[in-house]
Amino acid sequence: MSNDPLQTDATNDELTDDEIALLSDFHDNLLPADKAKEVVALIDRDPRWRGASDDFAATKQALSGLQKARAPVTFSEDLTNTIHRRSGGAFFGRRAFGDRVPFGVLLIIGIVLIIGVAFMLWSSQTGSLSSRKTNAPAEQSGADKLPRP
Amino acid sequence: MIDLDKALLKRLRDRDERAFRELVEAHRDRVFNITYRMLGNRAEAEDVAQEVFIAVFKTIDSFREESKFSTWLYRVAVNHCKNRIKYLARRHERDRDELDEASPSANNASLGPTKGARPDRALEGAQMEVLLQEAIASLDEEHRAVVILRDVEELSIEEICEITGLPDGTVKSRLHRARAALRKKLARHVEG
């Protein structure tokens, strides 16, 4: 039998390994244009090639159509927990600034502090935020108190 | 070519936990899909996917930026899957031996391809998925890896060569054999 897979052996029902390799390359678009044309011609005229090609296309399509399996939603969390457990918390040596500093807690503390200071200023007699107006008469200026000559 | 941001790589090497989380979020589904298709079992796939990321984290310093990060990651994933397949096969052999000793008829209950499925329905939806997964699982791990990377993950032959460390010709021949084997198995199911 010839080594050239394009020289087909019609007496055999099954394609040879070389023929399968050629067909596989054809379906992967890996053949040069002239070879690809020859394979197309073979598929057109030889029922063995046509059947094998149809099967190949169906298999390839079925494989590419397999649903993409998605990792469980807790995957990242589980993984981090596993790493922490195995390393005793030592694996992540240098944590990011955002991980080291609890910004959320700091924000709440900051807001509480600001409200507290504002309240103190508000309630203070001398505080600048105080809106209370005193009813006491304005003190006379020192010039008025001076004895007239 | 590198597909990992330099800054992220630096943070990974500094063992920045947030950087690790970003990396996991970006690649977890793809890695899980490879491990699931290679192993055919969600629990095993999840376990191996975790081991893959742990191995990557531990050895991130050894990642030479000569290839794509994803190529390196998938290589680790494929190698872990192959090891797990071998381990499971050994365990299965051991379990079977123990069963053989306990009950000579236990072999009749072995898991085989779904039989008696109506061909017209076998090619539809979930059943097709099961048939395909069984057909993939019947391939040896070397052929399984190549066909999954090529036909499921749709990576190029060049990328598969990098991932598997095999020459172009070997990858192609394995791909051809794997497809031919899958074709035969699926045809047998469909024809009843």
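Let's start with Arg15(B), which is partly exposed, with 16 other C-beta atoms within 10 Å. Some terms. A residue is buried if 20 or more other C-beta atoms lie within 10 Å of its own, exposed if 12 or fewer, and partly exposed in between, with C-beta atoms placed from the backbone.

Ground rules next. This is a predicted model: local features need pLDDT of at least 70, side-chain atom pairs count only at pLDDT 80 or more, and totals for chains, interfaces and linings use all residues. Residues are numbered from 1 along each chain as its sequence is written, while chains are lettered from A and ligands numbered from 1 in the order in which they are written.

Back to Arg15(B). Its phi is positive, about 60°, although Arg15(B) is not a glycine. It sits in the loop between helix H1 (6-13) and H2 of chain B. Helices here are DSSP runs of H or I, at least four residues, and strands are runs of E, at least two; both are numbered from the N terminus.

Asn29(A) lies in the loop between helix H1 (17-27) and helix H2 (33-45) of chain A. Is Asn29(A) buried or exposed? Exposed, because it has 7 C-beta neighbours inside 10 Å. For context, most residues other than glycine have a negative phi.

Chain A overall. Seven helices, zero strands. Of its 149 residues, 15% count as buried. Take the contacts in chain A with a separation of 6 or more: residues 24 or more positions apart account for 38% of them. A contact means C-beta atoms, placed from the backbone, within 7 Å.

Now the cores. A nonpolar core is a set of buried Ala, Val, Leu, Ile, Met, Phe, Trp, Tyr and Cys residues joined through C-beta atoms within 7 Å. The largest has 48 residues. Those with the most contacts inside it include Ala49(B), Leu73(B) and Ile148(B).

Notes:
Two residues are in contact if their C-beta atoms, placed from the backbone, lie within 7 Å.
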